[in-house]
Amino acid sequence: MTTFIIGIIILVVGGYFYGAFCEKIFGPDDRETPAVAKSDGVDFVGMKKWKNSLIELLNIAGTGPIFGPIQGILFGPIAFITIPVGCVIAGAMHDYFSGMISMRNGGAQMPKLIRKYLGNNVIKVYNVVLWILMFLVGVVFVYTPGDLIVTQVIGQEAAVSNPTVWIVYAAIFVYYLIATLFPIDAIIGRIYPIFGAFLVISAIGIFGGVLMDGGANLTNLSFSGMFSQHPQGLPFIPVFFITVACGIMSGFHATQATLISRTVKSEKEGRMTFFNMMLVEGFIAMCWAAGAMVLFGRGTDVATAPTLVVGLVSREFLGTIGGMIAIIGVIVLPITSGDTAFRSLRLMVAEQFNIDQQVKGKRVLTTAALFVPAVFVLYYAKSSPEGFNILWRYFAFTNQFVAVFALATIAVYLYINGKNYIVAMVPGVFYVFVTLSFIFHAPIGLKLDARLGMDPASYTASYILAAVMCALYIWFIRKRASTQKEQILNNVLS
C-alpha cells in the first residue's frame, strides 16, 4: 500500500510543480488564440475551460489507461512509481507542449507541425507510422469494447468460435460505417460526457475501495528483484513501457491536443486543459493497476483475459450496479475513439489516393476497404492465446513511436525559441531507446538478437543499436534546430 500511496503523491505533487515548470518554460501570454483570431463557428470555436478540459480528457482516455496498467502490474509494484513519474515528466509534458505549440501556429495539426519543424523527409515516415497507429487504434477499440459487451453485458465467453462475438464486432463496424455518412457522433456527443464521468467516478471508486481494503495484496517495492517480477520473465525495459502505453505516454494524444488547441480562448488555460488532463489519465491508470494487483494477489490471471479482469475489478470495488455503470463507460468511450481513428485514417487514405470524399458512395467504399484488413487482424487476435497481448503491443509500440516525432518537434521548437529543450529531449531519447530496442528484438519485430544467434533472453544487440539511434536522434534535433534558427535569422535580416 505504501508504494501505491507514494505513487499517487508523486502524480499529484510532482504534477503540480512540473506543470508549473513547463508553463514557465513555454510562457503563455495574452495574445489572441486561434479560437479567437480565426473564429469560424465550425473548427475554430472558443469554448469554456471546463468544456475543453473535459473534451480533452474524453478524447485521450478510453481503454488505454485501463488495459495497459492491468497487464503492466505483472511487473510488480515498480509500476506504481514508473506510471506517475512517466506521466508527469513525459506524457503530460508531451500533451501540454503539443497543444500549446499548435496554438502558436494557428491551430496547426501535428502533420503540419512535423513538416515545419522536422522537414519534408521526416513527415513521410511520420505519416506511414500514423496510418498504422490509427488503424490499430480502430482495431483495438473494436476488440476491447466488443469483448466487454459479450462477457460483461451478454454474459457469454468471448471466444473466436462464438458467433455472438462476431455479431457484436459487426455491429460496432456498422456504427463506424454509418458515422461516415451521418453526424451520429453529434448525437452521441451530447451523452458521452456522462460516460466519461462514469470512467472518472469508477476510478475514484476503485481508489476508495483499495484504501478501504487496507492494502491487502498490494505489495510494496523492494530492491530485491525490483525489475524482474514478471511471471514470464519479460524485461522491464523496454516491455513495461510498451505495455503501459496510455497511462504514461501516448503519441495519439498529440493528435487530440492539436484539435482542442482550436477551441481554447486563452493560452493560460493550456495547463489545465492539456497537462492536468493527462494527470487525470495517470490517476485512472494507477487505480486500475491497483485493483488488478489486488485480484492478482488473490490468484486471478490478469494476463490472458484483461477484458474479464475489467469486470472483476469493477464489481469487486463498485458492486453490481456501480460495476455495470463503470463497464458501460469503458465500452462507450473506446467506441467513440475508434470512430475518430477510422475516420481520420479514411481522410488520410482519401487524400493520398485522391478519392473524393464528398461522394457518399466513395466514403462508404473507402471505409469498408479499411475494415477488411481490420477483420483479419481481429480474427488473428481472437484465434491465438497471446493474440490480444500481441495486438496490444503493436498498438502500444506505434503509439509511443509516434510520440517520438512529437517530442522531437517540441525540442526543436523550444531550442529555436531559446527555451529549455531538455524537457522534451530526454523523454524523446528514452522513448527512442524503448521503442527501437523492443521492435529490434521482439518476435513481432525484427528478432535481431535471435538472428544473430544470441541467447533468446538477450537484448544486447538491440540495446546497442537502439543506443546508436538515440545518438542520431540527438544529432538530428540539434542540427534541425540550428538550421531553423539560421533561417529565422536570415528572414529577419532580409
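**Close-up 1. Asp-147 and its salt-bridge partner Lys-382.** Asp-147 counts as buried in this predicted model, at 2% relative accessibility, where buried stands for under 20% relative accessible area, exposed for over 50% and partly exposed for what lies in between, with a 1.4 Å probe and protein chains only. The side chain of Asp-147 meets that of Lys-382 in a salt bridge, at 2.7 Å from N to O, the term being used for a side-chain nitrogen of Lys or Arg within 4 Å of a carboxyl oxygen of Asp or Glu. Because Asp-147 lies in helix α7 (residues 120-154) and Lys-382 in helix α14 (residues 360-383), the pair ties together parts that are 235 residues apart in sequence; helices (H or I, at least four residues) and strands (E, at least two) are DSSP runs, numbered from the N terminus. Lys-382 is also buried, with a relative accessible area of 10%. Residues are numbered from 1 along each chain as its sequence is written, and side-chain values use heavy atoms, with hydrogens and water left out. As this is a predicted model, local features need pLDDT of at least 70 and side-chain atom pairs count only at pLDDT 80 or more, whereas totals for chains, interfaces and linings use all residues.

**Close-up 2. A network of salt bridges.** Asp-29, Arg-31, Arg-104 and Glu-267 are linked in a network of salt bridges, and the search of the whole structure finds 7 salt bridges. Side chains of opposite charge can pair when their charged atoms come close. Glu-267 forms a salt bridge with Arg-104, in which the closest N and O atoms are 2.6 Å apart. This pair links distant parts of the chain, with Glu-267 in the loop between α11 (252-260) and α12 (270-297) and Arg-104 in helix α5 (residues 79-104), 163 residues apart. Glu-267 is buried, with a relative accessible area of 2%, whereas Arg-104 counts as partly exposed at 22% relative accessibility. Arg-31 forms a salt bridge with Asp-29, the closest N and O atoms being 2.8 Å apart; Arg-31 is partly exposed, with a relative accessible area of 42%, and Asp-29 is partly exposed as well, with 24%.

Close-up 3. Gly-146 has its place in helix α7 and is buried, with a relative accessible area of 0%. The C-alpha atoms of Gly-146 and Ile-335 are separated by 9.0 Å, although the two residues are 189 residues apart along the chain.

**Close-up 4. The crossing of helices α4 and α13.** Helix α4 (residues 64-72) and helix α13 (residues 306-352) pack at an angle of about 125 degrees, with their axes 9 Å apart. That angle makes α4 oblique to α13, given that angles under 35 degrees count as roughly parallel, over 145 as roughly antiparallel, 65 to 115 as roughly perpendicular and the rest as oblique. The crossing of α4 and α13 is right-handed.

Close-up 5. Helix α10 (residues 236-243) is largely enclosed by the rest of the structure, because 7 of its 8 residues are buried; among them are Phe-236, Val-239 and Phe-240.

**Close-up 6. The nonpolar surface patch.** A nonpolar surface patch of about 660 Å² is made by Ile-5, Ile-9, Val-12, Val-13, Tyr-16, Phe-17 and Leu-211. Patches are made of residues with over 30% relative accessible area and no salt bridge, with like charges joined within 9 Å and nonpolar side chains (Val, Leu, Ile, Met, Phe, Trp, Tyr) within 5 Å. Helix α1 (residues 2-26) gives the most to the nonpolar patch, with 6 residues. Phe-17 is found in helix α1 and counts as exposed at 55% relative accessibility.

**Close-up 7. Positive phi in two loops.** Most residues other than glycine have a negative phi, and most peptide bonds are trans. Asn-354, in the loop between α13 and α14, has a positive phi near 55 degrees without being a glycine, and counts as exposed at 71% relative accessibility. Lys-447, in the loop between α16 (422-441) and α17 (448-451), has a positive phi of about 50 degrees although it is not a glycine, and is partly exposed, with a relative accessible area of 38%.

Definitions and conventions:
Areas by Shrake-Rupley, 256 points an atom, 1.4 Å probe, with all protein chains shown as cover. Axes fitted to C-alpha atoms, helices over the stretch in contact; angles between N-to-C directions. Left-handed = near helix turned anticlockwise from the far one by under 90°.
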